[in-house]
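Biologist: I would like a close look at one part of this protein. Please take me through it slowly.

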Amino acid sequence: GDIVLPMDESLVIAAVDISGRPYLSCDLKIPTQKVGTFDTELVEEFFWAVVRKCGMTLHFKKISGVNSHHITEAAFKAFGRIMNTATAIDQKHIDEIPSTKGVL
């Protein structure tokens, strides 16, 4: 699954491959250390934990944005949307495993 997601002035690209290979590229460049009481360095730590546990390849790229709250919100919203897409059954290929290796 993949998405280009706007959140006010921010724009984030996210893509996932549920591949069994854990990897994270998190190029968000969040400008502040905190959003309220939330430590923004935990965004990347959270997604590293997810990719390790789930065995997925996940990429984030901030295209634009200066508001840390909007950048962070865009990343989490994008993640939810790409996971929904990546785990949905494709009605055109209902009897096929969506993998070049034939397994997930």
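In which crossing does α1 pass α2, left-handed or right-handed?

Modeller: The crossing is left-handed: that is how α1 passes α2. A crossing gets that name if the near helix is turned anticlockwise from the far one by less than a right angle, and is right-handed if clockwise. This is a predicted model, where local features need pLDDT of at least 70, side-chain atom pairs count only at pLDDT 80 or more, and totals for chains, interfaces and linings use all residues. Residues are numbered from 1 along each chain as its sequence is written, and side-chain values use heavy atoms, with hydrogens and water left out.

Now the pair itself. Helix α1 covers residues 41-54, and helix α2 covers residues 68-87. Helices (H or I, at least four residues) and strands (E, at least two) are DSSP runs, numbered from the N terminus. The two helices pack at an angle of about 15 degrees, and their axes are 11 Å apart. Axes are lines fitted to C-alpha atoms, for helices over the stretch in contact; angles run from 0 to 180 degrees between N-to-C directions. α1 and α2 are therefore roughly parallel to each other, a label for angles under 35 degrees.

Which residues meet? From α1 come Val43, Phe46, Phe47 and Val50. They meet Thr72, Ala75, Phe76 and Phe79 in α2. Contact means heavy atoms within 4.5 Å.

Last, the setting. The protein has two helices and six strands. Along the sequence they follow the pattern β-β-β-β-β-α-β-α.

Note on methods
Angles under 35 degrees count as roughly parallel, over 145 as roughly antiparallel, 65 to 115 as roughly perpendicular and the rest as oblique.
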